[in-house]
Amino acid sequence: MSIHISIDKDVCIGAGQCALTAPGVFTQDDDGFSELLPGREDGGGDPMVREAARACPVGAITVSEA
Ligand code: SF4
């Protein structure tokens, strides 16, 4: 099943947990806020995506079934 990841940048506080948990999918921009690596909106099959969403302290990451 394919998924779609979205990051609410208005909610993100730049804690970096997502990039630490799933570095193959999430990175941090120059201001420290989370962004998806290019082409990783679908998670790239990385099993850590949902873990990263759970790890976000402010719930900024939404993983939906596409
Ligand atoms: S873990 Fe959440 S708050 Fe931290 S950088 Fe990632 S999306 Fe932003």
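This is a predicted model: local features need pLDDT of at least 70, side-chain atom pairs count only at pLDDT 80 or more; totals for chains, interfaces and linings use all residues.

1. The largest cavity has a volume of about 80 Å³. Its lining is made up of 13 residues, and those closest to its centre are Cys12, Ala15, Gly16, Cys18 and Cys56. Counting cavities of 30 Å³ or more gives one.

2. Now to the charged side chains. Side chains of opposite charge can pair when their charged atoms come close. How many salt bridges does the structure hold? The count is four, and the next points take up some of them.

3. Lysine 9 deserves a look. Its salt bridge with aspartate 29 has the closest N and O atoms 3.7 Å apart. Lysine 9 sits in the loop between β1 and α1, while aspartate 29 belongs to the loop between β2 (26-28) and β3 (34-36), so this pair ties together parts that are 20 residues apart in sequence.

4. A salt bridge also joins the side chains of lysine 9 and glutamate 35, at 3.8 Å from N to O. Here the partner of the loop residue lies in strand β3, so the pair ties together parts that are 26 residues apart in sequence. Taken together, Lys9, Asp29 and Glu35 are linked in a network of salt bridges.

5. Helix α2 (residues 49-55) contains arginine 54, which forms a salt bridge with glutamate 51 through N and O atoms 3.1 Å apart. The two side chains are also joined by a polar contact of 3.1 Å. Both residues lie in helix α2, three residues apart, about one turn of the helix.

6. Arginine 54 is exposed, because its relative accessible area of 61% is over the 50% cut-off. Glutamate 51 is partly exposed at 36%. As for where arginine 54 stands relative to glutamate 35, the two are 19 residues apart in sequence and 16 Å apart in space, C-alpha to C-alpha.

7. Val11, Ile13 and Val58 make a nonpolar patch of about 220 Å². Valine 11 is found in the loop between β1 (3-7) and α1 (17-21), and its relative accessible area of 31% makes this residue partly exposed.

Terms used. Residues are numbered from 1 along each chain as its sequence is written. Side-chain values use heavy atoms; hydrogens and water are left out. Helices (H or I, at least four residues) and strands (E, at least two) are DSSP runs, numbered from the N terminus. Buried means under 20% relative accessible area, exposed over 50%, partly exposed in between (1.4 Å probe, protein chains only). A polar contact is a pair of N or O atoms within 3.5 Å; within protein, one must be able to donate a hydrogen and the other to accept it, and residues adjacent in sequence count only if both atoms are side-chain atoms. Patches are made of residues with over 30% relative accessible area and no salt bridge: like charges are joined within 9 Å, nonpolar side chains (Val, Leu, Ile, Met, Phe, Trp, Tyr) within 5 Å. Accessible areas come from the Shrake-Rupley method with a 1.4 Å probe; for residues, only the protein chains shown count as cover. On a 1 Å grid over the protein atoms alone, a cavity is a set of points where a 1.4 Å probe fits but cannot get out, and a pocket is an open set with protein on both sides within 12 Å along at least five of seven lines; lining residues have an atom within 4 Å of a point. Grid points are joined across faces, edges and corners, and a volume is the space filled by probe spheres set on the points.
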